[in-house]
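Biologist: Could we go through this model together? I would like to discuss its ring contacts and one of its helices.

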Amino acid sequence: MNVMERLRNRHNSFRSERPVVLGFLGDSVTHGCFEVFINEAGKVDTACEASSAYPALVAHELGRMFPFAQPAVINAGVSGDNAVGGHSRLARDVLFARPDLVFVNFGLNDSMNPDVEDGLRRYREAMKGIFEDVRSSGAECVLVTPNHMCGYVSHRLENDTLRDIARDAARVQNEGILRRYVDAAREEARAQGVPVADTYRVWDALAAAGVDTTEMLANSINHPSREAHRLFVNEILRVLLEV
C-alpha cells in the first residue's frame with residue numbers, strides 16, 4: 001500500500017517528509033475497552049486501556065519496522081458507537097488530520113439492533129459512505145472486520161444486567177446475525193476496492209478448531225482480551241505488507 005512507501009520515505013528522509021498519520025475509526029474495541037463492571041451509580045461501565053488496543057499495537061509494530069518514521073495515530077474509537085455514528089463524526093474525528101490511511105471497524109453494536117433488516121440497511125449505507133468519504137479525502141482505507149461476540153453466558157458474569165447483555169450478544173452471534181453484518185461490510189469493501197483485514201475470519205477458524213472463543217473476551221461479552229487484540233494486528237500487518 002502507498003502508506004508503506006510513505007513510511008519508508010519518512011524513515012529515509014525524516015527531515016523533509018511529514019509524519020505518516022494513521023486513523024482508526026471504530027467502537028469500544030478500537031477505543032481500547034476491556035473489562036466491564038457495574039459502577040457506583042449502578043450503570044454498566046468499562047475499563048479503558050488504549051495503550052493495549054490494536055491501534056497502538058499496530059503503530060508500535062510499524063515503528064519497529066521504520067524506527068525513524070514513528071506514525072502518528074488518531075484513535076477515533078468511541079465506546080458504544082456504530083457505523084452510522086462513525087460516519088457522522090468521520091470528518092471531525094479523523095479526516096481533519098489529513099490521514100494517510102484510515103482503518104474502519106464496526107459491526108458489534110450495529111448487529112444488536114432488534115430490527116435486523118433495517119439495521120443491516122443502515123449499516124451498509126453508513127459503511128459505504130465511510131469508505132467513499134475516506135477515499136475522496138485522498139487517504140487509503142482498510143476495512144477491519146470485528147471479533148466474535150460471546151457464544152454463551154459465562155459463569156464469570158454474576159450481575160443480572162451483564163448476563164442479560166451477554167444473552168442478547170450470544171443470540172446475535174449464534175444466529176448468524178453478526179456474520180450478516182460482516183458479510184455486508186466485506187461486500188461494500190469489495191465494491192470499492194477497499195482491502196480487508198479479516199479478523200472475523202480468524203475467529204471463525206479458531207472456533208472451527210474447537211477453541212472456546214468466549215474465553216478470549218476480556219468482558220465475556222464482546223471485548224477481546226489484550227492478547228486477542230494481536231489478532232487484529234496480525235491481519236492488519238498482513239494487508240499492509242501484501243497489498
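**Aromatic pairs and a helix**

Modeller: Phe 14 has a relative accessibility of 36%, so this residue counts as partly exposed. Please note that the model is predicted.

Biologist: How many aromatic pairs are there?

Modeller: The count comes to five aromatic pairs. One of them joins Phe 14 and Phe 68, which are stacked at 5.2 Å centre to centre, with 10 degrees between the planes. That pair links distant parts of the chain, 54 residues apart: Phe 14 lies in the loop between H1 and S1, and Phe 68 in the loop between H3 and S4.

Biologist: And what is the geometry of the pair between Phe 24 and Tyr 54?

Modeller: Those two rings are edge-to-face, 5.9 Å centre to centre and 75 degrees between the planes. Phe 24 is in strand S1 and Tyr 54 in helix H3, 30 residues apart.

Biologist: Is Phe 24 buried or exposed?

Modeller: Phe 24 is buried, with a relative accessible area of 0%. Tyr 54 is likewise buried, at 0%.

Biologist: Changing topic, which elements cover the buried residues of H5?

Modeller: The cover includes strands S1, S5 and S6 and helices H4 and H7. Among the buried residues of H5 are Leu 120, Tyr 123, Met 127 and Phe 131.

Biologist: What is the span of H5?

Modeller: H5 covers residues 116-136 and reaches 30 Å from its first C-alpha to its last, close to the 30 Å expected. Just after H5, Gly 138 takes a positive phi of about 100 degrees.

Notes: Residues are numbered from 1 along each chain as its sequence is written. This is a predicted model: local features need pLDDT of at least 70, side-chain atom pairs count only at pLDDT 80 or more; totals for chains, interfaces and linings use all residues. Side-chain values use heavy atoms; hydrogens and water are left out. Helices (H or I, at least four residues) and strands (E, at least two) are DSSP runs, numbered from the N terminus. The expected span of a helix is 1.5 Å times one less than its number of residues. Buried means under 20% relative accessible area, exposed over 50%, partly exposed in between (1.4 Å probe, protein chains only). Contact means heavy atoms within 4.5 Å. Rings of Phe, Tyr and Trp (its six-membered ring) pair if their centres lie within 6.5 Å; planes under 30 degrees apart count as stacked, over 60 as edge-to-face and the rest as tilted.
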